[in-house]
Amino acid sequence: MTIKKGKFVIEGLENVQINIGKVIEEGVDGQIEGPTPKPEITSLRNWDYRILDRYNPVYTPTSDICDYCTYGKCDLTGNKEGACGIDLEGHTARQALMTSIMGAACHSAHGRHLLHYLIKRYGEDHPINVGPSNLKAPLTETIMGIQPETIGDFLPVLAYVEEQLTQLTAAANTGQEGSARDFESKALHAGMLDLLGMEVADIIQISCMGMPKAEEDTAMAEIGMGILDPTKPVVVCVGHNIAAPAYILDYMDENALFDKIEIAGLCCTAHDMTRYNKTAKIIGSMSKELKYIRSGIPDVLVTDEQCVRADILREASELHIPVIATNEKITYGLPDRSGDNVDDIVNDLASGKEKGVLMLDLEKVGELVPKLAMKVSPIRKAKGITALPDEGEFAKLVAKCTKCQQCTFDCPQGLPIADAMEAAANGDLSQLEVLHDKCVGCGRCDYSCPVKIPVLNVIEKGAQRVIREEKGKVRIGRGQIGDPEIREEGRNLVLGTTPGVIAIVGCGNYPDGTKDVHDVVEEMLKRSYIIISSGCAAMDIGMYKDDEGKTLYEKYPGRFIKGNLLNTGSCVSNAHIAATTIKVASIFAGRKTKGNWEEIADYVMNRIGAVGLAWGAYSQKAFAIATGCNRLGIPVVAGPHGTKYRRAFIGKPYKKDDWNVLDARDGSTVNVEPAPEHLMITAETFDEMMPLLAKLCIRPSDNSLGRAIKLTHYIELSEKYMNKMPDDWHVYVRSEADLPVAKREHLLKTLETEHGWKIDWDRKKIIAGPMRKVDVSFQPTNVPRLCKEVSK
Amino acid sequence: MTADAAVKTVDTTRRAVPFDTANIPGPKMAKPMMPQVAGKMIAKAKRPLLIVGSEVHDKDVLERVITLGKTGIQIAAVGNAYKSLGDKGLDVHYINMHALSYYICDPEWQGLDGKGGYDLVTFLGITYYYASQAISALKHFSKTKVLSIDKYYHPNADMSFGNLKKDIFIAALDEIIAELQKE
Ligand code: SF4
Ligand code: SF4
């Protein structure tokens, strides 16, 4: 008998109704294939310990005290214990856990909000459609052991994430977990949950909202602070959740308003707006938020959730920009007008009676925002409202600077503001223009100036020439990588003949300006790395043009093959980047996925040369994503601000035994090169980061051709950016075939003279020196149960 | 710069407040330090290490770091410092500072040259907040003494200069050099 979903009444028992919900079918598709479907907090602890034993947590506390509970404040300096018994190491690990939980909660709550809304609109049975893929939800399959078919199938997935996050949060209470190592295992668990929550959020919106489905050639969206026509009414949506902006875009579409109103997004909402309707535009990342508001150009601000500045209402109302809050998570104390008539609300906001409203009826948001923009815009434009000083005021302000440097002390970037003020006073604006790119738009300097110079506004005024030119292009987020692309490229990745996948992710808290992110991408594309990006970093890549006026997205195609540049989409589209490695393990190597996290992560760590670069990461979300990637065996490099996350995972190449792996063919132990050397680390500068990225793409499984290619880039990038051969290049040489072809002879000589290796010069062969030989059938693993036979 | 040259004494203990206003770690903060003290401590250390970062490229600072290196002190060139220091005939090694700050805490680590760990590390010319975080690791999890002779007050060090204007900073480095050249 086949049991089907539905409502049934049994004959003779008319008062009884039987409801059958989701039917889980036995069989290949439904089969759990690994040991850990729906892993509990400790289910993957052994895997975490394997990671932590090699990649030790490194703590750089920002505070020496703990004030979590009323026993405290406790002084934990020098790793002392506080009143509850926790030491600074444990406390800092607990902060890592809490940071991961916050990030994971953000993304999965975003997913939950979308799922409620999309189920209401399209029904639970709406099918998942992510493009040409059998492996539609790689993270869901690997973690949950299920293959979702409809958006309703994600209900138990989010329920699982939420339950686990509650359990993890409980572990952080005073008097609970006390071991740093187990806090880290739990943080890794939270990171994994974060990846899962993101996957749900993005798959359901791709499936229901007509977003691109694994398309390599999506349209280009305009990006930059200079792209909007300020003479028209301007709507700016800020945050991450497409639900509300989608209604605005629909209303504008239905009423043919795209010629009359400019609409753009700030932060990841912008990506998803362009994925939903390619007429929308992107202003930029969160670091542009305050700068753009201060310009006075927006006539209406619409907020949803995540990466929305806490002071947005105050800033906006000073410039008479009404704020429409559309999500329960950010309500700003605004009156809830969800039940009111739209025209009444428009009148109240246009007259200034209200500074903003909370509007949770999204259909009404769609009507309210364009109407409001049309009404408010002429009033605002007639008054010429802006926070930026006019020419005369600007000259007075820069002349007023006493060079006390208080602003520099308060600036998180330590920017040399006083020097730029002095130059501007002498008619040279170039230094303010440089500051505009390096400034993360935090506004802290405004508070510090003792002579009340509104520093950020002065920088922005001084940089008007470059701001007007800020017009770039971003290839609209494509969503996942389709199975056919993986089939084509998987082999090159695992053998190393594609030198690596570099995921450019994270936020805009760059240490030395936004251009760095463009420059790293350009360099690595020229070297045939695959660049996959998402979120704010994906926007910033498209901000700069070459001499012919082309952005990188216009110069490099978007297929998952070497030398291509892909944008998966918004912050939650990060999930597809991690999931790509699962797809390679499954599609290329035939690894089972369902409920099989450890085996997949082990495969990824040993064989797939993928590395994340979160050069401007600032948020808890970015930390959670990185931690989730780490549990999946993907190393991540952050910019110098990343040390303020307080925890990294750093390997010790000098400890030989840390680099023992097993050969899955017979369980024998093989001492391998430190690859990947670290799981989470920072670099101080761009120059330092470049060769580090190349090094972290090296894997024990590389074949000789692949290793030679990877070493070529590692050596060349080190020579180009650090003026030196890397000290450890020889560690990665297993035979002469691993050496970069163009330099083979020279490198053999160096191995002989500087490292004492024995070379047969007649045959140009290495006779002695390397730590191990190349073995094309070597199957490196860190998991004993995956070995065919455990060696004695 | 030689020991014979006239070296003026400067006060490096003023403005000993965290360079980033909010970087107040806790009850234990670095003791403000005069240059001669720094010079003497480095000179007396059995195995000192000078850690130099990406702010070394300034001509005046670079000149001093090279002279310091010529006194024989081993240099860890972190960030991109190696670019300016690599070809100057010094005992200089590139290393990532995040990793270095951890390795120094490991009693098994044999140093940049395999000859053993360090009893005194001195920070100079590094992005402020980045160095502050690295020094935090050493403050809590190592026994190594930490000095900061940078132009910033580093609260996490054991001893540090205050926040210095450039001329004072350079003069202070000259004093340290003179002190080392005496020994
Ligand atoms: S707004 Fe810019 S210049 Fe001002 S403190 Fe923030 S980063 Fe520094
Ligand atoms: S705080 Fe004000 S007066 Fe002082 S340097 Fe900065 S802008 Fe000039």
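**Largest cavity**

In this predicted model, the largest cavity has a volume of about 320 Å³. A cavity is a set of points, on a 1 Å grid over the protein atoms alone, where a 1.4 Å probe fits but cannot get out; lining residues have an atom within 4 Å of a point. A volume is the space filled by probe spheres set on the points, which are joined across faces, edges and corners. Of 35 lining residues, Val505(A), Gly506(A), Ser534(A), Asn574(A) and Ile625(A) are closest to the centre.

The lining has 25 nonpolar, nine polar and one charged residues (nonpolar: Ala, Val, Leu, Ile, Met, Phe, Trp, Tyr, Cys and Pro; charged: Asp, Glu, Lys and Arg; polar: the others, Gly among them). Domain 1 (31-212 + 475-701) and domain 2 (220-383) of chain A each give at least three residues; domain bounds come from an automatic or database assignment.

**Numbering and thresholds**

Residues are numbered from 1 along each chain as its sequence is written, with chains lettered from A and ligands numbered from 1 in written order. Local features need pLDDT of at least 70 and side-chain atom pairs pLDDT 80 or more, while totals for chains, interfaces and linings use all residues; side-chain values use heavy atoms, leaving out hydrogens and water.

Note on methods:
1 Å grid on protein atoms, 1.4 Å probe; cavity = no way out; pocket = protein on both sides within 12 Å on 5 of 7 lines; lining within 4 Å.
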